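Have your viewer open and your selection tool ready. We will go from one stop to the next, with a note on what to look for at each.

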Amino acid sequence: MEDEILVFSSYVDDFDYFNELKDLYNFSSIYNFCPEFTNSFLAKEYYTTEKSWYCVINNRTHFVVFIKRKFMRRRLHYYTNCQSTFNPTVLSAYLIMCGDIHPNPGPTSTNTSVNGNSSRSNNCASRERQPGDKQSNLFCVHMNARSLKKNINTQGNLFISNLIKFQEMVYSESVDIMFVTETWLNSNVTSKEILPNGYNIYRSDRSLGRTGGGTLIAIKHGIFISCSQITSIATTNLEAVAIQCTLPNHAKWLLVCCYRPPDSNDMSDLRSFADNLFPSYDKIIIAGDFNLPNISWTDGYYTSFGSLNICSPMDLGMSSDHKIMQFKFSSASKTIQSNKRLVYDYRRANFDGLRKRLIDIDICSLVTNNGTESSVDDDWSTWKDAVMSAVHEFIPSKYVDPRRSPPWITPTILHHIRKKVTARKRFLSRGTDYLKAKFNKLRAEVKKIIQNSRESFFSSLGNTIQINPKRFWSVFKIKSSSGNIPNSVTRSDTNNPGTRLHANTPHDIATMFNEYFHSVYTCFSDQPSPSQSGSSSPLSSISSIDLSLEEVYQALLNLDPSKAHGPDGFPSRILKECALQLAPSLHYLFSKSLRLSQFPTEWKLANIIPLLKKGNKDHVENYRPISLLCIISKTLERCVLNHLSHRIQSNIHSAQYSFVNGRS
């Protein structure tokens, strides 16, 4: 009597895989039980031995396979101090179903030392991964968009911008480098509108008044340590943009996107462009639409470099009369790790426990015990140490990655995108019809959920404007030309006019911004200007400002939790949540600071954020500094401002609108 095999899995490909083994192992039949039928089946009588599982149904013996994909799909590691041996049973499919598990993954030979312990074999040592030997495959796409601005007629006579479809394609396909020709863009469309997050855009548009043409290269963050647009050209015979990129292993690449109009009958611009551009690079990648139909790619002068997939634009949701090319190649270098930020995880915070701990500590007594002779800096240091110890105890921290996708790309969507990318890699490596169908299905699902998520995000903005206005106004930042600071910036050299200094590392970039901001800062004299004789002020002098505990408490309650903190590291969210417990001690600090005319040294510091105002993003002269002050120092300033405003309110002219609350 032939044996039968029962497969417990809801994955169709597992069931198909065992069907292929049916003839090999002489199984009479194979049955698949989905999870919803598993519980009812397990009510039957089943047994286990040391070698295998089997069950009895209708007096027939069935071998059982429980598929746990989470573990069975993983490769067994080669451990250095142990050996593993498999003892195949009748059901040898236990091994074959894993795909890449060797029957005996232990060392092929063992050298026994004097003390009897097995030393590491050469086979195991050769499999150790050396640092830096991992190569990352870059996924690149080239397309002729035939206008990113045009509207596409969808189902139900609804129109949607081709730019939205372009964003959905880039984010869903997780493209590393995107080459686009015939963008049809102009200066009215900012780069932030093309891809809001996660990409640096380099483009060459036609001047206003001329339609068509245009080239674009989009590079995902974290691939190169520096990228700079070295040249661009937009003539009647050639349109191109060239980017010089530096990898983490200091290899230099040149990325070029070209478009040669079909009515062009002159190759001189292309030859001149190539002669002036290609001095010495480790790799040069040129993509584009050259409109050279008579060129031959089979005469032996050209070789294929790897995987190249040509697909229809409809497969990716785009509208164009040109095919889309997908290709990948190894960068021979690791991708750059994103700069993760350490933030407080408020979802797991215990604010009730924090409030209770602050009451037990009695921070106000700790500060006052320093005595009246202590400086404001000493009192601030005591206050900060006590509060921060309690905060670290009840509010955990976590590292977060910088956002590299639009706000409507949720973590769930990113998970589906990773599944689709894995399916694409399997399809390209094996090329079976089943994997192709699976990949196309996942691609359609990802496109659909991104479209629904985008529609849901924008439709809910109007309903949440009162609850979360920051979410509403954040959408308009997409229109802004500002973005992340480039990986490479330049500054004019004061010693050699006409030349520019370059900075590529984070330390050098910060130093260059610091030197420039310091150079344009104007130092004022500390001596007061002489008062004019006979001048008098209509305002009475303010000899002192006395703050009340209620004022400090209300100022803490009115803090905006979304504001960034300063060098002290105290978020406004914690100050607002614990306002009742922190108000007495802060009231003591504020009053002492005003009475002694002393300001804590740390409150005078600020985190400087460069903000792009105009022009080229690579030039530091186009940035303006924004200071992020300590939240507690701003709270004191708010209390003082309330006293000053109340004193001078009656003396403000009715025509004064700027810097007046409720008028400007």
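Which residues does Leu 575 touch, not counting those up to four places away in sequence? Select Leu 575 and you will find Trp 383, Leu 556, Leu 559, Phe 570, Leu 582, Ile 631 and Ile 632, where contact means heavy atoms within 4.5 Å.

A word on the model: it is predicted, so local features need pLDDT of at least 70 and side-chain atom pairs count only at pLDDT 80 or more, while totals for chains, interfaces and linings use all residues. Residues are numbered from 1 along each chain as its sequence is written, and side-chain values use heavy atoms, leaving out hydrogens and water.

Next, widen the view to the largest nonpolar core, which has 38 residues. Such a core is a set of buried (under 20% relative accessible area, 1.4 Å probe, protein chains only) Ala, Val, Leu, Ile, Met, Phe, Trp, Tyr and Cys residues joined through side-chain atoms within 4.5 Å. Leu 575 is among those with the most contacts inside it, as are Leu 354 and Trp 383. Helix 11 (376–394) and helix 18 (579–596) are among the helices that each supply at least two residues; helices are DSSP runs (H or I, at least four residues) and strands are E runs of at least two, numbered from the N terminus.

Now select Asn 622, in the loop between strand 22 (607–612) and strand 23 (623–628). Asn 622 counts as buried because its relative accessibility is 13%. A polar atom of its side chain lies 2.8 Å from the backbone oxygen of Asn 616.

Finish at Leu 611 in strand 22, one of the residues that Asn 622 touches.

Methods. Buried means under 20% relative accessible area, exposed over 50%, partly exposed in between (1.4 Å probe, protein chains only). A polar contact is a pair of N or O atoms within 3.5 Å; within protein, one must be able to donate a hydrogen and the other to accept it, and residues adjacent in sequence count only if both atoms are side-chain atoms.
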